[in-house]
Amino acid sequence: MQNWPRVSGVQFATMLRPVFDPISHYLAYGATDQKTVRELAGSYDGLLVPGTVAAFQREGTGGFILTLSATEAAPPYVIDPRFPLFQQPLEEPKKSHEALAALLGAPELVRSRNPRPEDFDIEMLSKVARRWVAFNSGYGTQQADKFDKYAKRLDEEVVPSDVRGPEAILAPYFVCSSTTDPWWQRSKELFEAARACGTNIPVLRVVACPVPDQLGELLMAIRDDRVVVWISGLRELDLPPEELAEYGLALRAARARDQRCFALYGGFFSVLLASSGLDGAAHGIGYGEHRTWRELPRSGPPPARFYLPRVHRYVGQDLAYQLWSRNPELTFCGCAICNGGPPVLKYHELMKHSVLVRQREIDEWGGLEPAAAAERLRGEHAAFVEDLRAARLPPPVRTAASRTHSHIDGWAEALELLDA
Amino acid sequence: MLADLLPWLVRTGRIRSQTEVVLELPWLGRRIDLVLSSGSGDVTALELKLSSTGRALEQALYNRHAATRSFVVLGSDPTRANLEVAEALGIGVIVVNGIVRLVRSSPPRPADAELAARIRRAVRDYVETRV
């Protein structure tokens, strides 16, 4: 396995360019995404692997990720420790939760009662950090059992000696609301413990909070020049413009301190924040709007929805077909999957289409300053509304159709607030 | 609703010996409440709602593009306005309220060829995996 060299501060920045090279486009990998990830190599910059998946599907996910890392394209990847999972009661823990806790050497992390900061003493945090760093450092060698099986599925020859480990180690973290939140102290201890392991892979801090206006204070309290950020449950489609603007302001202030940020999860609005200081973001394939740190009782692949390019969001395929049948321009997409055709695609085609459109959005919108992006959004929104009106949709679908674009003005207003 | 509806569909010849009957057919990211696929290849889609007639009509409209016939099955008589919408869109209306009444039929219409083939395949695949 190729090892990352030990680095100084300057080399650190150079080596990390894939994650923080604006505007990086990472995919949050799920177990059903192998086909999409494999076939779209080159249409995204890297992968974000959930720690739960990496722990529970060590052979499957490990084999897949590592064979991919040995290819010519070799997308870099990082593993999200998903540690906020253990910051909540898990009354019906999944096997992946238990697998992650076991991997961290702390099965007691899975609790049915509400955890408290006092449950995480320095001894436990140090152990968790050590085990996590060791898992990441040895990822390439420990998960090679299924290498041959997954190597056969690729279109090129790969060999185990070309396998690469993670690009960086994301330190375990907690979701925190402020610097006086007891979880913040624990989060800092986790990061310091991970960094103290002395690995030759860069260790990155994750700053996670529940609402946008908490991010600024947390970022100001640290001196890292590279930070992974996450606002849990950031509902880009629904939040008031002022709250979306708070996110942008926090990023802008971070950029002014030469603090570069990468979003652990983000939709199209995160692309619009590139000029405000977001160097990149990850998104789920087929998911797009947000992810929350509270675990959902069910899991599984995302629903089969169509990413509607003109309004930058997912809609039901049925509705998309309705719109297309009235006016193909409403759903037009020239990506290699859609080719200008009807928006009724098979599951993996939907997933691939969503990734290709996101990359195009990054290419076309990522460099725009807030004012220019706002102006373009408003112009395109007006055109879409006019096309919708001219389509004379039947009454049963008019409400659903109006919901498809109701968020655009809010985004434009948020950008205008940033420009003010 | 189903307990009254299914026997009625048999009595009225809409379900016959060769008809494949599927409840909750996965379709384009959602589920169609009831799908009948005849031996001749005609597909009838039915959306069942005790209330929310508007939502039922929306889903029945979506089904129109793949199915030969599309119905809403309601727990009470629809308003005049909803009935006019259903008529304009070729959506049939059945009311199940103790007894089953066909309020208006759904004229057979050619569906989108690809969607029609796809829904027939979906029915076939669904039935085969459960046999």
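Guide: Strand S2 (residues 30-37) of chain B runs antiparallel to S3(B), and 4 bridges hold the pairing. Strands here are DSSP runs of E with at least two residues, helices are runs of H or I with at least four, and both are numbered from the N terminus. Two strands count as paired if DSSP finds at least two bridges between them. B:Ser37 sits opposite B:Val43 in S3(B). S2(B) and S3(B) make a hairpin, with 5 residues between them. In its turn, B:Gly41 has a positive phi of about 100°.

This is a predicted model: local features need pLDDT of at least 70, side-chain atom pairs count only at pLDDT 80 or more, and totals for chains, interfaces and linings use all residues. Residues are numbered from 1 along each chain as its sequence is written, chains are lettered from A and ligands numbered from 1 in the order in which they are written, and side-chain values use heavy atoms, with hydrogens and water left out.

Stay with S3(B), residues 43-49. The strand is mostly covered: 7 of its 7 residues are buried. Buried means under 20% relative accessible area, exposed means over 50%, and partly exposed lies in between (1.4 Å probe, protein chains only). B:Val43, B:Ala45, B:Glu47 and B:Lys49 point one way from the strand. B:Thr44, B:Leu46 and B:Leu48 point the other way. S3(B) also pairs with S4(B), in the parallel sense, over 6 bridges. There, B:Leu46 has B:Phe71 as its bridge partner in S4(B). Strands of a sheet pair through backbone hydrogen bonds, either parallel or antiparallel.

Next, follow the chain past S4(B). B:Asp77 and B:Arg101 meet through their side chains in a salt bridge, at 2.8 Å from N to O. A salt bridge here is a side-chain nitrogen of Lys or Arg within 4 Å of a carboxyl oxygen of Asp or Glu. B:Asp77 lies in the loop between strand S4 (69-74) and helix H3 (80-89) of chain B, and B:Arg101 in strand S6 (residues 99-104) of chain B, so the pair ties together parts 24 residues apart in sequence. B:Asp77 is partly exposed at 48% relative accessibility. B:Arg101 is partly exposed too, at 35%.

Over all chains, the structure holds 22 of them. A:Arg376 pairs with A:Glu364, their closest N and O atoms being 3.4 Å apart. A:Arg376 belongs to helix H16 (residues 370-391) of chain A and A:Glu364 to helix H15 (residues 347-365) of chain A, so this pair ties together parts 12 residues apart in sequence. A:Arg376 also forms a salt bridge with A:Glu380, at 2.8 Å from N to O. A:Arg376 and A:Glu380 are 4 residues apart in helix H16 of chain A, so about one helical turn separates them. Relative accessibility is 27% for A:Arg376, 42% for A:Glu364 and 30% for A:Glu380. Each value falls in the partly exposed class.

Now the sheet of chain A. Its 8 strands form an open sheet in the order S3-S2-S1-S8-S7-S6-S5-S4, with parallel pairing. The edge strands are strand S3 (77-80) and strand S4 (169-170) of chain A, each pairing on one side only. S4(A) is joined to S5(A) by 2 bridges. A:Leu170 stands opposite A:Leu204 in S5(A).

Strand S8 (residues 278-284) of chain A is mostly covered, with 7 of its 7 residues buried. Strand S1 (residues 24-28) of chain A pairs with S8(A) in the parallel sense over 5 bridges. A:Tyr26 stands opposite A:Ala282 in S8(A). Strand S7 (residues 260-263) of chain A pairs with S8(A) over 3 bridges, again parallel. Here A:Cys261 has A:Leu278 as its bridge partner in S8(A).

A:Thr199 lies between helix H10 (182-195) and strand S5 (203-209) of chain A. A:Thr199 is buried, at 18% relative accessible area. Its C-alpha atom is 8.4 Å from that of A:Ala134, a residue 65 positions away along the chain.
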